[in-house]
Amino acid sequence: MKLILLGAPGAGKGTQAEVICDKLNIPAISTGNILREAMKNGTEMGLKAKSFIDSGALVPDDVIISIIKERLVQDDCKNGFILDGVPRTVAQAQALEEMGVEIDKVIDIEVADDTIVKRLSGRRVCASCGASYHTIFKPSVKPDVCDRCNGQLIVRKDDEPSTIVERLKVYHELTEPLVEFYKERGKLVVVEGVEGVENTTKLLFEKLGV
Ligand code: ADP
């Protein structure tokens, strides 16, 4: 199955992508993770992306399109994949079509803006392994220490309050039009991003019929 996960930053795309990946045994591809890895390794692409990401802006379409072109031809994508956080603009969605990628379903996880702000401001990530936590919804056992690798938990630079507002603005302006784009193509499945990860997962699996 070839799936796209749409939704505002903090709607829970990454979390749900991991669950679907385990259930259907297809890779979850997150452009956000690929870009953060590139920044950590100091590659040319990482350096180019950093200022956009840190300010809450989108990374230019040409960078994203070349990441996706390279990733989707890899062997593990043969039986399907879940795109998490891409496409994020109409140009990216059109590029996927031009590449001949036939998407089965596009899942839009809907969460209200005020909930998003609450979720993102409590998010903590491990500086070493990237595991994700939340001060209220998913706290680590020891404060500020990763359960998995004992690394230090930090606030992602783009989760700082002023940047969150900017990211939401960008989402409504540039990404939300994709809801209509995929509705017109008969691909859209709307899932309410309800409280509790498992509850959202349940709704999602029901809608996907898996
Ligand atoms: P979240 O879903 O929490 O917003 P991501 O990890 O998906 O975050 O992305 C973090 C940042 O990486 C985005 O705010 C953006 O700057 C950049 N980015 C990720 N994917 C894309 C994309 N498809 N197009 C443009 N920029 C992207």
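This report describes a predicted model, taking in turn its ligand, a pair of helices, its cysteines and an annotated span.

## Basis of the model

Local features are described where pLDDT is at least 70, side-chain atom pairs count only at pLDDT 80 or more, and totals for chains, interfaces and linings use all residues. Residues are numbered from 1 along each chain as its sequence is written, and side-chain values use heavy atoms, with hydrogens and water left out.

## Surroundings of the ligand

The ligand is surrounded by 19 residues, the closest being Thr31, Arg36, Ala57, Gln92 and Arg167, where a residue is counted if one of its heavy atoms lies within 4 Å of the molecule. Helix α2 (residues 31–40) supplies the largest share of this shell, with four residues; helices here are DSSP runs of H or I with at least four residues, strands are runs of E with at least two, and both are numbered from the N terminus.

## Helices α6 and α7

Val117 belongs to helix α6 (residues 113–121), and Ile164 to helix α7 (residues 161–175). Ile164 is buried at 1% relative accessibility, whereas Val117, at 36%, is partly exposed; buried means under 20% relative accessible area, exposed over 50%, and partly exposed in between (1.4 Å probe, protein chains only).

Leaving aside neighbours within four places in sequence, Ile164 is in contact (heavy atoms within 4.5 Å) with Val117, Leu120, Ser121, Asp158 and Asp159. Val117 touches Leu168 as well as Ile164, and its C-alpha atom is separated by 9.3 Å from that of Pro9, 108 residues apart along the chain.

## Cysteines and the annotated span

There are zero disulfides in the structure, a disulfide being a pair of cysteine sulfur atoms within 2.5 Å. The sulfur of buried Cys126 is 3.6 Å from the closest cysteine sulfur, in Cys149, and is therefore too far for a bond. For the partly exposed Cys21, the closest cysteine sulfur is in Cys77, at 11 Å, again too far for a bond.

An unreviewed UniProt entry annotates residues 123–158 as "domain: Adenylate kinase active site lid", in the numbering used here, although such annotations may be inferred rather than shown by experiment. This span is 0% helix and 25% strand, and its end C-alpha atoms lie 11 Å apart.
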